[in-house]
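Good morning, colleagues. Please keep the sequence and the model in view as I speak.

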Amino acid sequence: MDNNTLLFQGKGSGRFKDVKIYPNRIEVLEIVYLKDITGVSRIKGRDVFLRNRLLTACVFSLSSRSQAQEFVNVLNIVM
């Protein structure tokens, strides 16, 4: 699998309108590299809270709870 293989795409809502996961990065309006993500902090409804090395807030609001769970499942695969 190369670094341009799309693993997940969700519509999202709020700040991030289009969420895509590739093997080495998460793309939204900005790119979040997976090497900076240390894990999933929690899932609350359709929001996914990630822990990162920079200790800054990293929250993804997806379109539904099931999309949030799928997002986390794909992250667990590539991390």
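Read along the sequence, the protein chain runs β-β-β-β-β-β-β-α. The model is a predicted one, in which local features need pLDDT of at least 70 and side-chain atom pairs count only at pLDDT 80 or more, while totals for chains, interfaces and linings use all residues. Residues are numbered from 1 along each chain as its sequence is written, and side-chain values use heavy atoms, with hydrogens and water left out.

Let me turn to the chain as a whole. Of its 79 residues, 38% are buried; buried means under 20% relative accessible area, exposed means over 50%, and partly exposed lies in between, with a 1.4 Å probe and protein chains only. The chain exposes about 4800 Å², and carbon and sulfur atoms supply 49% of that area. Accessible areas come from the Shrake-Rupley method with a 1.4 Å probe, and for residues only the protein chains shown count as cover. Among contacts (heavy atoms within 4.5 Å) between residues at least 6 apart in sequence, 32% join residues at least 24 apart.

I come now to the aromatic residues. A pair of aromatic rings is described by the distance of the centres and the angle of the planes. Rings of Phe, Tyr and Trp (its six-membered ring) pair if their centres lie within 6.5 Å; planes under 30 degrees apart count as stacked, over 60 as edge-to-face and the rest as tilted. The structure holds two aromatic pairs. In one of them, the rings of F8 and F71 have centres 5.7 Å apart and planes at 75°, so this pair is edge-to-face. The pair links distant parts of the chain, since F8 is in strand β1 and F71 is in helix α1 (residues 65–78), 63 residues apart. F60 and F71 form a tilted pair, with 5.3 Å from centre to centre and 45° between the planes. Because F60 lies in strand β7 (residues 58–61) and F71 in helix α1, this pair ties together parts that are 11 residues apart in sequence. For F71, the relative accessible area is 0%.

Two arginines also call for comment. The charged end of R25 sits over the ring of Y22, 4.2 Å from its centre, and the charged end of R42 sits over the ring of F49, 4.2 Å from its centre. A charge sits over a ring if NZ of Lys or CZ of Arg is within 6 Å of the ring centre and within 35 degrees of the ring normal.

Finally, three individual residues. N52 is found in strand β6 (residues 47–52) and is buried at a relative accessible area of 11%. Leaving aside neighbours within four places in sequence, N52 is in contact with D36, I37, T38 and C58. S61, in strand β7, is buried because its relative accessible area is 18%. D18 lies in the loop between β1 (8–10) and β2 (19–22) and, at 32% relative accessibility, counts as partly exposed.

Definitions and conventions: Helix = DSSP H or I, 4+ residues; strand = E, 2+ residues; numbered from the N terminus.
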